[in-house]
Amino acid sequence: MISLRTMIRNGFDRAERLLDRAFGPDWNPLAQLGPIGWLLFWIVAISGIYLFIFFDTGVTQAFASIEWMTNDLWWHAGLARSLHRYASDLMVLVMFVHLLREWSMDRYRGKRWFSWVTGVAVIWFVYLSGITGYWLVWDRLAQYVAMVTTELLDTLGIFAEPIARNFLSPQTLSSRFFTLMVFLHIAIPLLLLLLMWIHIQRITEARTKPPRGLAAITLVALVAGSLALPAVSQGAADLASIPQAVGIDWFLLSLYPVIESVPPGAIWAGVLAFTLVLAGTPWLPRRREQAAAQVSLDFCNGCSRCIADCPYAAITLVPRSDGLPFTHEVAVNPARCVSCGICMGSCPSSTPFRRSGPLTTGIDLPERPLAEVRVEVVDASAALAGEPGRVLTLACAHGAAAKPAPGRVVLPCVAMAPPSLIDYIVSRNLADGVAVAGCAERDCFNRFGVAWTRARLDRTRDPYLRERVPRDRVLLVWAGPTEAARLRNELAAFAARLAVLPPYARARALDEDEITDATGESAR
Ligand code: HEM
Ligand code: SF4
Ligand code: SF4
């Protein structure tokens with residue numbers, strides 16, 4: 001039976017394919033939700049700072065100052081108000097779609113738990129920032145929010161005096177209390193920023209800026225929405241009466257009608273249960289983790305290519321410990337390593353050509369070592385014998401070619417395959433051509449697998465694919481889980497092209513491929 005996760009994952013994949021057509025893979029908004037979230041934060045922050053120039057923080061003047069901005073200064077301060085509100089709303093939407101997408105793509109479990117758990121804290125800080133903001137307008141909606149919130153907080157019994165009392169009558173609301181709300185509306189978003197920064201600390205080069213064009217589209221859409229439907233207040237707050245029938249912002253205040261109709265104890269229990277279950281999701285159910293990458297110092301010269309390529313900041317450079325004439329070596333943090341194998345693909349000593357001694361490399365996956373991958377490749381090539389245009393596929397476990405098939409070797413990430421493996425397959429005549437079938441181009445499961453593979457094959461990032469490998473014998477194809485048909489067609493067309501090529505003659509003797517030294521440079 002197809003699981004809920006697979007259904008949602010496939011739904012995203014289909015929607016993203018449509019968006020790929022409209023925006024292209026680099027600008028696909030669904031693949032850029034994290035960066036768009038950051039952009040929205042900055043729009044909210046900058047528009048908020050601008051609003052503070054005109055905002056009067058006195059409890060009796062606040063509403064009037066916002067009316068002045070909205071009506072008299074509508075073309076700048078009023079616009080900033082609308083941008084502030086709509087960017088906050090959009091941030092909630094983007095956040096939940098991002099959460100659902102990361103969950104459906106299974107990028108939150110095991111060693112990848114950190115961004116998820118910190119993301120849960122981000123959710124509450126986004127809400128708290130929005131709620132304290134609504135309060136400052138001091139209109140009927142603000143009054144409603146203030147009353148419902150303080151009554152709920154009072155049930156915790158943590159304040160010396162019930163804070164809901166502040167809203168009993170115009171005389172009881174002190175400016176000091178209002179100033180506290182202004183302070184909170186600045187402090188909470190600053191804490192949110194800190195949390196958003198922490199959220200991306202366990203990944204390398206996190207994307208916090210969407211591509212410029214996409215950022216421009218987002219901003220233009222928000223400005224257009226703000227001009228078409230400016231944010232307005234709902235009449236001045238009046239503590240002499242209880243606000244009736246206020247219009248709710250369904251993005252930030254959707255819980256308020258629920259808070260009103262459910263006992264406070266149930267609300268707090270619900271909030272706690274939601275937070276704990278969501279934060280515990282990466283371990284529900286617990287799964288067996290693959291062993292972390294391991295360094296073999298005899299084959300490591302401390303070149304730090306693996307550090308540059310690891311998407312999860314799991315490798316560090318440390319002083320040499322074994323007396324070999326290099327200044328540094330690398331160390332893997334097992335708590336961060338997700339066993340994607342990308343480091344193995346980047347190490348210059350990862351060359352399948354070696355014949356003398358066991359096939360050891362500088363950094364390897366203990367449960368899927370390069371030596372084993374080489375055996376799998378040789379076995380897979382045997383299944384192709386006799387076919388016209390033999391295509392050996394190195395496939396990503398998260399894309400359209402994830403299922404085992406004859407002539408296919410499935411890897412945790414295609415960037416785990418060192419370019420020398422392609423050279424090995426072609427020059428040893430194990431196949432007529434190699435198809436590298438990765439996951440969707442717009443957003444690699446292992447973050448950089450698509451980019452690094454492409455750059456290595458284009459010879460713009462170490463380790464390069466040797467020039468001697470004819471490019472017409474290598475196919476790069478990116479296909480998400482719902483693109484099996486396109487993948488099949490591309491592989492068939494590739495096989496047909498290979499079938500009419502003259503047999504591949506090796507450019508040079510293979511003896512030079514032997515590498516036994518720690519530097520591995522001779523493999524290039
Ligand atoms: C508005 C709030 C949020 C922002 C701005 C944000 C931003 C980001 C960014 C920039 C990335 C890195 C993308 C990359 O370069 O690969 C990311 C990854 C991620 N986020 Fe968020 N995020 C937010 C909320 C959340 C929430 C609420 C959750 C879930 C509870 C979450 C879970 C994740 C996960 C699981 C990853 C992937 C980490 C990995 O690749 O291992 N995020 N987020
Ligand atoms: S396998 Fe290598 S590249 Fe992947 S997370 Fe572990 S150390 Fe980083
Ligand atoms: S030789 Fe290999 S394991 Fe050592 S630093 Fe370079 S890439 Fe990493």
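This is a predicted model: local features need pLDDT of at least 70, side-chain atom pairs count only at pLDDT 80 or more; totals for chains, interfaces and linings use all residues.
Me: What makes the arrangement around the iron atom of ligand 1 octahedral?
Reply: There are 6 donor atoms, and their angles at the iron run from 85 to 179 degrees, which makes the arrangement octahedral. The test for six donors is that opposite ones are over 155 degrees apart and all others between 65 and 115. For reference, ideal octahedral angles are 90 or 180 degrees.

Me: Which residues coordinate that iron atom of ligand 1, and how do you know they count as donors?
Reply: H98 and H199, each through NE2, at 2.0 to 2.1 Å.

Me: Why is H199 called buried?
Reply: Its relative accessible area is 17%, and buried means under 20%. So H199 is buried.

Me: Which residues come nearest to ligand 2 and ligand 3?
Reply: Around ligand 2 there are 13 residues, the closest being C310, C337, C340, G341 and C343. Ligand 3 also has 13 residues around it, and C300, C303, S304, C306 and C347 come nearest.

Me: How do the shells around ligand 2 and ligand 3 divide by class?
Reply: For ligand 2, it's 11 nonpolar, 2 polar and no charged residues. The ligand 3 shell has 8 nonpolar, 4 polar and 1 charged. Mind the bookkeeping here: Cys counts as nonpolar and Gly as polar.

Me: Why is strand 5 described as largely enclosed?
Reply: Because 6 of the 6 residues in strand 5 (residues 391–396) are buried, the rest of the structure largely encloses it. That holds for both directions: V391, T393 and A395 point one way, L392, L394 and C396 the other, and all are buried. In a regular strand the side chains alternate between the two faces of the sheet.

Me: How do you know that strand 5 pairs with strand 6 and strand 7?
Reply: Count the bridges. Pairing takes at least two; strand 5 has 5 to strand 7 and 4 to strand 6. Both pairings are parallel. As examples, A395 stands opposite A437 in strand 7, while L394 has V409 as its bridge partner in strand 6.

Me: What makes strand 6 and strand 8 the edge strands?
Reply: The open sheet has 4 parallel strands in the order 6-5-7-8. Strand 6 (408–411) and strand 8 (474–478) each pair on one side only. Neighbouring strands in this sheet are turned by 15 degrees against each other on average, direction ignored. Strand 8 has its 5 parallel bridges with strand 7 (residues 433–438), where A437 faces V477.

Me: Why is W138 called buried, but A313 partly exposed?
Reply: W138 has a relative accessible area of 7%, under the 20% limit. Phi is near 50 degrees for W138 and near 50 degrees for A313, positive values in residues other than glycine. Most residues other than glycine have a negative phi. W138 lies in the loop between helix 5 (113–136) and helix 6 (140–154), A313 in the one between helix 11 (305–309) and strand 2 (315–319).

Me: Where are the cis peptide bonds L284–P285 and D462–P463, and what is omega?
Reply: Omega is about -10 degrees for L284–P285 and about -10 degrees for D462–P463. P285 is in the loop between helix 10 (264–280) and strand 1 (294–295), and P463 in the loop between helix 15 (449–457) and strand 8.

Terms used: Residues are numbered from 1 along each chain as its sequence is written. Chains are lettered from A and ligands numbered from 1 in the order in which they are written. Side-chain values use heavy atoms; hydrogens and water are left out. A residue is near a molecule or strand if one of its heavy atoms lies within 4 Å of it. Donors are N, O and S atoms within 2.8 Å of the metal (3.2 Å for Na, K and Ca); water is not among the atoms, so sites may look incomplete. Four donors count as tetrahedral if all angles lie between 85 and 135 degrees; four count as square planar and six as octahedral if opposite donors are over 155 degrees apart and all others between 65 and 115; anything else is irregular. Buried means under 20% relative accessible area, exposed over 50%, partly exposed in between (1.4 Å probe, protein chains only). Helices (H or I, at least four residues) and strands (E, at least two) are DSSP runs, numbered from the N terminus. Axes are lines fitted to C-alpha atoms, for helices over the stretch in contact, and angles run from 0 to 180 degrees between N-to-C directions.
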